[in-house]
Amino acid sequence: MSSIAYDQFALTRIADFARSLTRLHLNARRYPVDDDQIDREFNTVCLSVWGYTTDDVSDDLFSLDDHAWLDQLDEAHARMFAAERGYDLDGEDGLLTDWWGYCWMILAEKRGLLTPENRAAARAEIEQKYLSTGNVVGVIIGR
């Protein structure tokens with residue numbers, strides 16, 4: 001028997017928050033779905049689970065080791081990592097499509113990066129990026 005055992009009822013089941021996103025991915029197999037729509041729905045899942053999105057944390061806050069670890073992450077290790085941190089990445093049809101993004105969020109939480117200060121800095125960075133392009137005069141960010 002495995003030395004790693006998790007109480008599945010004690011894990012936060014991300015699939016419970018990702019039903020609309022899962023439907024979008026399924027629909028994308030039949031007809032074109034706007035990538036922005038998928039991004040918005042992914043962000044909605046992240047906000048529901050963590051109160052933050054991937055846009056709220058700059059990549060620069062992760063160490064080079066963290067980036068290397070994420071780059072080599074596979075499905076089996078993602079499941080174990082998530083479960084060790086209290087999350088379940090499985091849906092009704094197996095591993096959730098956006099498992100890598102969820103692991104990114106779990107790692108950000110583990111590193112203590114989900115803070116209001118980091119959110120403000122990341123948003124300012126995004127805003128500056130948009131404002132530096134030619135035809136943008138303002139950025140509106142809604143929650």
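User: Which residues touch the most other members of the largest nonpolar core, and what makes it a nonpolar core?

Analyst: Ile 14, Trp 50, Leu 89 and Tyr 102 touch the most other members among the 34 residues of this core. A nonpolar core is a set of buried Ala, Val, Leu, Ile, Met, Phe, Trp, Tyr and Cys residues joined through side-chain atoms within 4.5 Å, where buried means under 20% relative accessible area, with a 1.4 Å probe and protein chains only. H1, H2, H4 and H5 each supply at least two residues of this core, and H5 gives the largest share, 8 residues. Helices here are DSSP runs of H or I with at least four residues, and strands are runs of E with at least two, numbered from the N terminus. The model is predicted: local features need pLDDT of at least 70, side-chain atom pairs count only at pLDDT 80 or more, and totals for chains, interfaces and linings use all residues. Residues are numbered from 1 along each chain as its sequence is written, and side-chain values use heavy atoms, with hydrogens and water left out.

User: Why is H5 called largely enclosed?

Analyst: Because 9 of its 12 residues are buried, H5 is largely enclosed by the rest of the structure. The buried residues include Trp 99, Tyr 102, Trp 104 and Leu 107. Their cover includes H1, helix H2 (35-50), H3, H4, S2 and strand S4 (94-95).

User: How do you know that the span of H5 agrees with its number of residues?

Analyst: The expected span of a helix is 1.5 Å times one less than its number of residues. For the 12 residues of H5 this gives 16 Å, and the end C-alpha atoms are 16 Å apart, so the two agree.

User: Which residues is Leu 89 in contact with, leaving aside its neighbours within four places in sequence?

Analyst: Contact means heavy atoms within 4.5 Å. Among the residues that Leu 89 contacts are Ile 14, Ala 78, Ala 82, Leu 95, Trp 99 and Tyr 102. Ala 78 and Ala 82 are also buried residues of helix H4 (residues 75-84).

User: What makes a space a cavity, and which residues line the largest cavity?

Analyst: On a 1 Å grid over the protein atoms alone, a cavity is a set of points where a 1.4 Å probe fits but cannot get out, and lining residues have an atom within 4 Å of a point. The lining consists of Ala 18, Leu 21, Thr 22, His 25, Leu 96, Thr 97, Asp 98 and Tyr 102. Helix H1 (residues 19-28) provides the largest share of this lining, 3 residues.

Definitions and conventions:
1 Å grid on protein atoms, 1.4 Å probe; cavity = no way out; pocket = protein on both sides within 12 Å on 5 of 7 lines; lining within 4 Å. Buried < 20%, exposed > 50% of the residue type's maximum accessible area, 1.4 Å probe, protein only.
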